[in-house]
Every structure is written in C-alpha cells, then in structure tokens.
Amino acid sequence: MKQTDINAVRKCKLFINCTDETVSELLASKKYEIRTYLRGDKVFSPESFEKSIAVILKGSADVIKHTEKGALYMSTLNSGNIFGMSGIFYEGDSFPTTVSAKENSRILFITKDQLTELFTAYPVILTNYLEILSSKIHFLNKKIESLNSADAKTALKAY
C-alpha cells in the first residue's frame, strides 16, 4: 500500500485512537480491496452497491440523494472520509444515495465480514464506528430541519 493510502487511513475517523502498529497490521494484511475511479464514475448508487464500507484514499466524491423533486446534494467526501455505512448492515437491497467520484479517486473497500472481524479484534474500531453513525444521524436530522424550514432565509442560514 502507498504511503499516501496509509496517511488517508490514519485520517479516517474509523481508525482514530488506533495505534500506528494496528493500522500497519491491518494494511499489511492485503485482504482489503482498493479500486480506482475516474471523475464521474458511480461508486455506489441505489441500483448498484455492495455490502461494504469505503474509505477514500485519494480524490473526492459527491453524495447525491435523488428524490421525486430532483437531485439533492448532500455532501462532498474527501481523502480519509468513509461511506457505505447505511447499507452494510441493512437487510434490504437498496442504498439511499448515489456516490460518484468528483475527481479521479482511489477507494479502499472493507466488506461486512471484514468489518465484523475488525470489531472483534479491535473494540476501539467498533466504538469509532458507532460514534460515526451517531454523527451521521445528527447530520441528517439537521438536513431535514433545514429542508423543512419556514422560509428560504432560515433554510439558507441552516445550510
């Protein structure tokens, strides 16, 4: 794995409070898949996704929610950011958003089984995972509030 990949993994909130030794062990195992995407390529979408989480090692990606009223921009993810958490343990066969490469990107994928192994071997990773999920729930609640604001000025201020 490249040094830039290692640095990106170290920035990922999933691996906060993990020792350098732990991160090195994980990355040295080479059991995790890394894929390259060109600008505009879809990484995950409601029609095409995997039961895995993804860590952006290089580049960036846009998260878009498609609704009856059109596309709703949710966020831009950068190196070290993680996505796919909403689908990995979900029993259904759908994914709520479209994640597309905003620029040429390298992305690390961790499957459901691999993630479960990490939780068992490194409880700090499980704690980090739960903290990330909690943050995402609060983020989405704020998005919902801003969309349901009484007027455009309040919605813009919340944004």
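Among contacts in the protein between residues at least 6 apart in sequence, what percentage join residues at least 24 apart? The share is 75%, where contact means heavy atoms within 4.5 Å.

The structure is a predicted model, in which local features need pLDDT of at least 70 and side-chain atom pairs count only at pLDDT 80 or more, while totals for chains, interfaces and linings use all residues. Residues are numbered from 1 along each chain as its sequence is written, and side-chain values use heavy atoms, with hydrogens and water left out.

The protein contains 6 helices and 8 strands, arranged along the sequence as α-α-β-β-β-β-β-β-α-β-β-α-α-α. Helices (H or I, at least four residues) and strands (E, at least two) are DSSP runs, numbered from the N terminus. The C-alpha trace spans about 50 × 30 × 30 Å along the principal axes. Of the 159 residues, 40% count as buried, that is, under 20% relative accessible area, with exposed set at over 50% and partly exposed in between (1.4 Å probe, protein chains only).

Residue E33 belongs to strand β1, which covers residues 33–37. E33 counts as partly exposed because its relative accessibility is 42%. When residues up to four places away in sequence are not counted, E33 touches I107, L108 and F109. The side chain of E33 also forms a polar contact with the side chain of R35 at 2.9 Å; such a contact is a pair of N or O atoms within 3.5 Å, and within protein one must be able to donate a hydrogen and the other to accept it, residues adjacent in sequence counting only if both atoms are side-chain atoms.
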